[in-house]
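This report reads through one model from its overall composition to individual residues. Please keep the sequence and the structure open while reading.

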Amino acid sequence: MRLLSRSSLLLGSAASALFLSPVSVRAASDPELIALRHEMESMRGEIRRLQSRVAKYEHANVNPASENPHKHTPHRLRVAGPNEPQPVFNEPAPVRTGPRTVAESRVTVPEGPAMSWKDFKAASAKEESVHVGGIQIGFPNGRPTIASDDKAYAFSIGLLAQEDFGGFMGVGPSKSGGNFNNFTQNARRLRLYFSWRYKDWVVNVTPDFGSSTFDGSASLFEANINYTGLRHTTLTVGYFQPRMEEESAERSGAFEFLERPAIVDIVRNIASGVGRFSVGGEHYEKRWLVGGYFTGQKVGDRNKDNTITDSQTGAVVRAVGRPYVSKDIDVFMGAGATAAFKVNNGSKGRRYTASSNTEIPLGETNLLTSGVLSDVSQIWAVGPQLALRWKRFLLKSEYYHIGVQQGASVENPSVLRSFGFDGWYVAANYTLLGNPRIYSEKIGAFTAPGVTYDFDPAHNHWGALELSGRWSVTNLHDGDTGNQQTVWESGVNWYPNRHFRFMLDYQHFIVSRDPNSKATVNLLGTTGNAVVGRVQAAF
């Protein structure tokens with residue numbers, strides 16, 4: 001060992017001498033250079049002698065089979081046994097179907113506030129993607145998306161397809177009239193969500209080839225510009241659907257039942273609803289959300305009535321919070337308000353009719369109505385929103401009061417009367433399989449369940465399953481106008497994965513008679529039942 005140490009020391013000294021800087025050598029005098037060369041020659045001789053002795057020492061302690069390190073030794077391939085891993089080339093990346101985290105398991109809901117550029121980059125980074133010439137192709141949050149590598153530019157396409165089928169039973173009495181099919185179908189929503197992005201600026205255009213009543217109609221769901229550069233804030237201008245009710249804030253792809261309660265549907269159409277011109281925004285934090293919009297007419301209003309000379313203006317505001325939150329308990333409280341400062345003024349003046357179906361959209365006749373209200377000065381509605389989640393159980397309720405103020409007209413120069421309507425609902429939900437519904441701070445509402453594992457019976461995975469029940473009352477009767485509707489409804493929803501849902505609802509409805517002397521249906525009041533299913537796909 002001492003011999004090896006000494007040889008290493010001499011080798012290091014020789015290397016230092018051999019790699020002296022050329023500048024330093026030229027700087028030395030000629031006699032010194034000559035002496036240095038002699039010394040180096042002497043060291044080389046010493047190195048050769050040491051190498052010879054080291055080789056002799058190592059030869060005495062090595063395996064003869066390894067004397068010639070360069071000698072080729074043949075190798076034989078060994079076949080892997082049946083229980084050993086087999087090599088697979090060009091293997092595609094496995095598709096992850098579970099177990100998902102609570103956040104990852106949430107069912108896809110295509111409608112929602114536009115993501116900020118920061119959130120979009122984070123969502124894109126989590127998903128597998130293909131990069132081609134500065135372009136990234138991937139599926140952030142399950143939506144097909146083409147983006148630049150820096151995510152500044154992006155284009156995505158989403159989908160919501162809902163097909164309903166079912167019918168009505170035992171609708172009576174016979175003099176009630178109206179159209180209530182025993183069995184029929186309706187493409188309820190067929191929306192294509194086109195979204196263009198430049199950093200924090202997002203443009204959404206969503207045509208809708210479905211219909212709230214009958215197949216075959218096409219319309220525009222939204223067309224708006226959004227700015228998301230402010231923290232937890234989305235600012236919007238264009239045709240949009242402001243949400244002032246908790247039920248509407250859930251989005252149509254996440255409803256517990258096929259449709260909203262009648263009172264929610266009537267209130268949202270006062271100054272918001274689908275395709276309403278809107279300017280405003282929302283801001284959320286972990287425990288609260290506020291939003292407000294100035295609104296105008298709906299897209300297509302003047303196409304349906306080209307006599308309109310003064311379009312509607314209104315406003316929508318909402319504020320919600322969570323006063324108590326724990327792992328198993330979530331308490332939700334809030335309020336929403338809406339107002340139409342003036343309604344569209346057409347050839348028949350400023351007229352308004354509140355009306356809704358039996359909360360089953362199969363093209364049946366609307367029995368619930370306020371009657372035609374003329375000379376309307378303004379309409380407003382306000383009400384509280386409450387919800388309580390305890391583990392897998394969710395209970396929620398909303399109440400709204402609607403006020404309609406009539407104004408003076410040429411025929412009636414004095415101020416006319418006011419009308420007051422109201423309505424409420426109570427809904428309960430329990431998640432049997434999967435992750436339960438939880439509060440989403442970004443929308444200020446409770447969103448759909450989560451699918452921990454995709455449907456796979458071979459491995460005892462069944463997706464998510466929930467049961468729901470609801471009692472809904474809407475009273476549009478005031479004096480000699482309007483009537484009242486009560487609906488009892490139950491439903492079951494099954495989610496085999498995050499993108500598909502199967503729904504089945506049963507309802508019993510009771511509608512009081514229409515007091516209008518010119519009414520041709522519902523002269524004596526109507527009761528009936530309905531059973532309707534829905535198949536839904538969302539991306």
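How many bridges join strand 21 to strand 22, and in which sense do the two strands run? Strand 21 is joined to strand 22 (residues 500-511) by 10 bridges, and the two run antiparallel. The model behind this answer is a predicted one, and its confidence values are therefore set out before the pairings are taken further.

**Confidence and overall composition**

The protein chain has a mean pLDDT of 86, with 83% of its residues at 70 or more. Over residues 1-28 the pLDDT is below 50, and this stretch has 19 contacts in the model beyond near neighbours in sequence. Residues 60-67 also have a pLDDT below 50, and here the model shows 1 contact beyond near neighbours in sequence.

The secondary structure amounts to 7 helices and 23 strands. Of the 539 residues in the protein chain, 44% count as buried. Among contacts between residues at least 6 apart in sequence, 65% join residues at least 24 apart.

**Paired strands**

| Strands | Bridges | Residues opposite |
|---|---|---|
| Strand 15 and strand 16 | 12 bridges | W390 and F393 |
| Strand 16 and strand 17 | 13 bridges | Y399 and W424 |
| Strand 20 and strand 21 | 12 bridges | S472 and V487 |
| Strand 21 and strand 22 | 10 bridges | N493 and M503 |

Is S468 buried or exposed? Its relative accessibility is 8%, and because the cut-off for a buried residue is under 20%, S468 counts as buried. The side chain of S468 makes a polar contact with the side chain of N429, at 2.8 Å. Leaving out residues up to four places away in sequence, S468 touches E256, F257, A428, N429, E489, S490 and G491.

In soluble globular proteins, nonpolar side chains tend to be buried together. The largest nonpolar core of this model has 26 residues, and those with the most contacts inside it are I270, I379, I402 and V404. At least two residues of this core come from each of helix 6 (262-271), strand 15 (376-390), strand 16 (393-406) and strand 17 (418-433). Helix 6 gives the most, with 7 residues. Apart from this core lies another, of 12 residues, among them I360, L367, V487 and V532.

Helix 4 (residues 117-126) has W117, F120, A123 and S124 as its buried residues. Seen down the helix axis, these residues fall within an arc of 125°, so they line one face of helix 4. An α-helix has 3.6 residues a turn, so residues three or four places apart point the same way. The cover over the buried residues of helix 4 includes strand 2 (135-138), strand 3 (145-148), strand 4 (153-172) and strand 5 (184-198). On the face turned away from the buried side, helix 4 carries the exposed residues K118, A125 and K126.

**V237 in strand 8**

V237 belongs to strand 8 (residues 233-240). With a relative accessible area of 36%, V237 is partly exposed, because that class lies between the cut-offs of 20% and 50%. Beyond its neighbours within four places in sequence, V237 is in contact with N224, I225, F277, S278 and V279. V237 and F294 are 57 residues apart in sequence, and their C-alpha atoms are 9.6 Å apart in space.

Key: Residues numbered from 1 in each chain as written. Predicted model: local features only at pLDDT ≥ 70, side-chain atom pairs only at ≥ 80, totals over all residues. Heavy atoms only, no water. pLDDT = per-residue confidence, 0-100. Contact = heavy atoms within 4.5 Å. Pairing = 2+ DSSP bridges. Helix = DSSP H or I, 4+ residues; strand = E, 2+ residues; numbered from the N terminus. Buried < 20%, exposed > 50% of the residue type's maximum accessible area, 1.4 Å probe, protein only. Polar contact = N/O pair within 3.5 Å; in protein donor to acceptor, adjacent residues only side chain to side chain. Arc of directions from axis to C-beta. Core = buried A, V, L, I, M, F, W, Y, C linked by side-chain atoms within 4.5 Å.
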